[in-house]
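Thanks for coming, everyone. Let me put the structure up, and then we will walk through some charged contacts.

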Amino acid sequence: MKEINPFYRSIKWKSKREKILRRDEYLCRECKRYGKSTTATVIHHVFPLEHFPQYSMKSSNLYSCCNTCHNSFHDRDSHELTEKGKQLLERLKSEIVE
Ligand SMILES: [Zn+2]
């Protein structure tokens, strides 16, 4: 099993996470694109945390989503972005990188 990044245990992250969920009205932004209302339970790092720690707390890099959508953005084994995760990054990167 993959070890959880200590980042996720930090108080700073926990409060950031709450803020982002509130910003996104606790709804999965990916499902919302398809007209579905699903409760968001995970915050996805559009630029992955492991490779882009500089964007780890950047609001524009944080994307509320449901578990199903989150799993569709990351490869279960390698944890790298899937095609879908890469497409999301392409779509949002201009807002993230200024
Ligand atoms: Zn979803």
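Start with a count. There are eight salt bridges here. One caution before we go on: this is a predicted model. I will take some of the bridges one by one.

First stop, Asp24. The partner of Asp24 is Arg29, and their closest N and O atoms are 3.9 Å apart. The cut-off for a salt bridge is 4 Å, so a pair at 3.9 Å is counted. Now look at the surroundings. Is Asp24 buried or exposed? Asp24 is buried, because its relative accessibility is 8% and the limit for buried is under 20%. Arg29 is partly exposed, at 25% relative accessibility.

Next, Glu25. Its side chain meets that of Lys32 in a salt bridge, with 3.7 Å from N to O. How does Glu25 sit, buried or exposed? Glu25 has a relative accessible area of 53%, so it counts as exposed; the line is drawn at over 50%. Lys32 comes out at 45% relative accessibility, which means partly exposed.

Now move along the chain to Lys86. Which residue does Lys86 pair with? Glu83. The closest N and O atoms of Lys86 and Glu83 are 3.7 Å apart, and the two form a salt bridge. Where does Lys86 lie? In helix H4. That helix covers residues 83-96. Lys86 and Glu83 are three residues apart in helix H4, so about one helical turn separates them. On accessibility, Lys86 is partly exposed at 42%. Glu83 is exposed, with a relative accessible area of 54%.

Some bridges also link up.

One more distance for Lys86. Take Gln54 as the other end. In sequence, Lys86 and Gln54 are 32 residues apart. In space, their C-alpha atoms are 18 Å apart.

Last, the annotation. The UniProt record, an unreviewed entry, lists residues 15-71 as "domain: HNH nuclease". What does that span look like in the model? Residues 15-71 are 33% helix and 14% strand. The end C-alpha atoms of the span lie 23 Å apart.

To recap the bridges. Asp24 pairs with Arg29, Glu25 with Lys32, and Lys86 with Glu83. Thank you.

Note on methods. Residues numbered from 1 in each chain as written. Predicted model: local features only at pLDDT ≥ 70, side-chain atom pairs only at ≥ 80, totals over all residues. Heavy atoms only, no water. Buried < 20%, exposed > 50% of the residue type's maximum accessible area, 1.4 Å probe, protein only. Helix = DSSP H or I, 4+ residues; strand = E, 2+ residues; numbered from the N terminus. UniProt positions renumbered as here; feature names shortened; annotations may be inferred.
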